[in-house]
Amino acid sequence: MKKLLLENSYCYEFKGMYYFRKRLPKKVIKNGTKDINFRKSLSKICTDYNIIKNKKDIIINLTKYLNEQLSLYIKLKGVITIEEITVYIQDLCNQYLKEAMIEYSELEDLRNEDLQIIDSDKVVEGHTINAIAKEWLNINQITKKLNNEDVVIQKAKKIIKRSNITPDQILEIPDNQKLNFYIMLIKSEKQILENDMRLYISRNLNEFHTLINTSSYTLTNEQKTEQILFKVLDLILENPDENDYISLIKRLAREFIPSSHDRAANVQAFTEDAKNNIHKKSDVEDDENLFDIIDEVIKEYFKDKNKISDKSKKPLKYVIRFFKDYLIENKFTSKNFSSFDKKNMTEFVELFCDLPIGNKKYANETLYTLKKIREDNKINRIQLSSMKPYSTEFRNIWKYFCNEPKLNTNALLLDKINFLNTLTLCKEIDGEDTQEVSEFKIEDINGFIKHTYSYDNLRTILRDSPQNFYSFIIGLICGCRMNEIMALRFEENLRVYEKNNQRYFYFHLNEEHKQLSLKNTNAHRNIVIPKLLIELGFLNHINKRYKRGKETIFDFTYNTNAKACGAVRTFFSRKLDSYFIKKEKKLKQIAKDKGIKYKKTDNSKTQFRSLRKTFANKLFSKFYIDFDTEINKKAIIGHTEKTESQGYAGRIEPSIAYEILNSFDWSETNINPSVPHTEKIEIISEEGKKELKDIIIPSLKTNIDKFYNNINENILYDLPWLKNHNEDWKIVTTLKSKKLIKDKK
């Protein structure tokens, strides 16, 4: 249910989100036929919405400002489109919040300075949980005894000193209302402190992970933060004299007795049990915990292999997680680990190959419970491509285990670490398809375009989430992976190359920023922006982002798991599912009408990655122009699809890539066809008879032109502010290049 804000009629809250609203008479709307209530989620138009979503005062002032400025803008323009309104208020939001955040940060600094605790030999900073907890306890105590006026007034005056409330504003408050004002101020301060705690917890979740319920690991970080906050507040109330709440949480975690069904608990219980047994055996030489030894060897391995990032460590950590499950189940310790034999290795490999696809959502399950889940729910096994890094890393670490005297493992067991062969055999026995992704068929490309990017849908997407459109087009006509597209940045990636008085725009893919992550060495390449992408308004999008001072080509929320493409991946997953459901329903009806049996098709292999496969098939299907060589093709796509591996192909000259990509014929798709696409629909004639009539399906290019025409923009073919980078295309990574791109003659 919508909840109006009493302080502001231009804003309401719905399902925890704030919306701006304004009634617009039809006379001010271009081609308007009726009055409309314009509504827009602030999360869609405010880049910094996550910073202000808990600051109601800023939201109230912002929406008032939007209303005032929009009214003036409409008076100046006379008639306006909805697209123009959205673009205008996006700019207003970002401009307003820059100033608001500066003001807020100054107030935050004052509060942090005031909360700072100086204790003889150390300083507890005001933004930390311990300092915030002390102040929260103090204010919580005051709110329970509001009848003590002297304490209330004293505390309120202290809060006022670190606020933006002026003495003149205090004087304007009637004397008989001042106490109520002070009480409201103290209660508001309590909420602010809880928000500060919430912020600290969200930034340091790892310090509080023991407070998360074992059944809640699949929650979002925001949900985990809320769960932790309530537990922290309880801890503060129960332990008011505590000076270090982080240490308290760690102490409580050690005293906690876990459930035997909890994977983390199993490991902890195993470790504690081993340590207890060691102390009982005073007449035996010192023993060591098996997991401690394994963890030390893994640390040494990461150091030797220069694996610093979480991404590089992830495959080994993943397989070791399940290897420890096997060791626990079979009661292996440092004393008997040398007895780990071929039978054990074969068992573990088979169990690991029994993991279900998508098992990340079962964060708290073990090697054995996941096997049961897969069998009970008839889920396919993990994909072969996913298995390859696990197999490689486990073989590598086993060599290190063999060199560790405390483990005394058998080097001959390396031959039994055959994850890929075992998985392939298991899939074949169970009739699972080993093909993981299929080509995006032309009929499905056209169907998906019609389903997802009709004009009404497209204008909303271009207005609110343009990445949901351009990532699809770039994936199809440039062959890019989703994360390569979404993580693009202005400074690190966007370049222009000039040759013969023509400018070629391209992206220089690299890992020069912590949020830039490429799949492999071959992915370090140049991605040219072809003519078709420019005609679809991509340079207009880039220009708007640049003018707004953005650092990235697209908006995204980065996290270590989904990286830059979490929201976009969800969008395409949802849209593909709904498209294929609709398609299947239509095919069932056709089969029924014809009196034939409907055979269900497997659409699960058509994914966003299928766009890259379609691009690769088109790229390698024939030679388009003179300098369309095999090595140039490999440099464009970034790996040796359908060819033998020949190492790093290097970077292609942008003008060559531009000519090759422009030579592709996409007319069979409804992006910009030479002949309009049509479909037959059933109509009722004047005589009352049912007839089939051909109607034209508007192309993407037609809808794009219509959108930019409505916001009074021309399609851009140049970005004058972007200076030439004529030599940058040659800059390769530090990788050794075995093959070099031949320059265009």
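**Notebook: loops, helices and sheets**

I started with Lys331, which sits in the loop between helix H13 (310-329) and helix H14 (342-352). Helices (H or I, at least four residues) and strands (E, at least two) are DSSP runs, numbered from the N terminus. The model is predicted, so I note the limits: local features need pLDDT of at least 70, side-chain atom pairs count only at pLDDT 80 or more, and totals for chains, interfaces and linings use all residues. Residues are numbered from 1 along each chain as its sequence is written, and side-chain values use heavy atoms, with hydrogens and water left out.

**Entry 1: positive phi**

I looked up the phi of Lys331. It is positive, about 55 degrees, although Lys331 is not a glycine. Most residues other than glycine have a negative phi. Is Lys331 buried or exposed? Lys331 is exposed, with a relative accessible area of 63%. The cut-offs are under 20% relative accessible area for buried, over 50% for exposed, and partly exposed in between (1.4 Å probe, protein chains only).

Next I checked Lys378, in the loop between helix H15 (367-377) and helix H16 (384-402). Its phi is near 55 degrees, a positive value in a residue other than glycine. Lys378 is exposed, with a relative accessible area of 74%.

**Entry 2: H13 against H16**

I then took the helix pair H13 and H16. They pack at an angle of about 75 degrees, with their axes 9 Å apart. Axes are lines fitted to C-alpha atoms, for helices over the stretch in contact, and angles run from 0 to 180 degrees between N-to-C directions. H13 and H16 are therefore roughly perpendicular to each other. The classes are: under 35 degrees roughly parallel, over 145 roughly antiparallel, 65 to 115 roughly perpendicular, and the rest oblique. From H13, the contact uses Ser312, Pro315, Leu316, Tyr318, Val319, Ile320 and Phe323. From H16 come Pro389, Tyr390, Glu393, Phe394, Ile397, Trp398 and Phe401. Contact means heavy atoms within 4.5 Å.

**Entry 3: H19 against H29**

Another helix pair. Helix H19 (residues 455-464) and helix H29 (residues 700-710) pack at about 55 degrees, with axes 10 Å apart. The two are therefore oblique to each other. H19 passes H29 in a right-handed crossing. By the rule used, a crossing is left-handed if the near helix is turned anticlockwise from the far one by less than a right angle, and right-handed if clockwise. I listed the residues that meet. H19 gives Tyr455, Leu458, Arg459 and Leu462, and H29 gives Leu700, Asn703, Ile704, Lys706, Phe707 and Asn710.

I looked at helix H3 (residues 56-77). Its 22 residues reach 31 Å from first C-alpha to last, close to the 32 Å expected at 1.5 Å a residue. That expected span is 1.5 Å times one less than the number of residues. Buried residues of H3 include Ile58, Leu62, Leu66, Leu70 and Ile74. Gly78 follows H3 with a positive phi, near 85 degrees.

Ile60 is also in H3. At 9% relative accessibility, Ile60 counts as buried. I checked its distance to Phe20, 40 residues away along the chain: the C-alpha atoms are separated by 9.6 Å.

Phe20 belongs to the covered face of strand S3 (residues 17-24), with Tyr18, Lys22 and Leu24. The uncovered face holds Met17, Tyr19, Arg21 and Arg23. S3 runs antiparallel to strand S4 (residues 36-41), joined by six bridges. Two strands pair if DSSP finds at least two bridges between them. Lys22 stands opposite Phe38 in S4.

I traced an open sheet of three strands, in the order S7-S8-S9, with antiparallel pairing. Strand S7 (494-499) and strand S9 (526-528) stand at the edges, each with a single partner strand, so one side of each has no neighbour in the sheet. Neighbouring strands are turned by 40 degrees against each other on average, direction ignored. S7 pairs with strand S8 (residues 502-508) over six bridges. Gln502 in S8 is the bridge partner of Lys499.

What lies across S7, S8 and S9? Helix H28 does, running at about 95 degrees to S8. Seven of the nine residues of H28 (residues 654-662) are buried, so H28 is largely enclosed by the rest of the structure. Among them are Pro654, Ile656, Tyr658 and Leu661.

**Entry 4: Lys633**

Last, I looked up Lys633, in helix H27 (residues 630-637). At 1% relative accessibility, Lys633 counts as buried. Leaving out residues up to four places away in sequence, Lys633 touches Leu619, Phe620, Lys622, Phe623, Tyr624 and Asp628.
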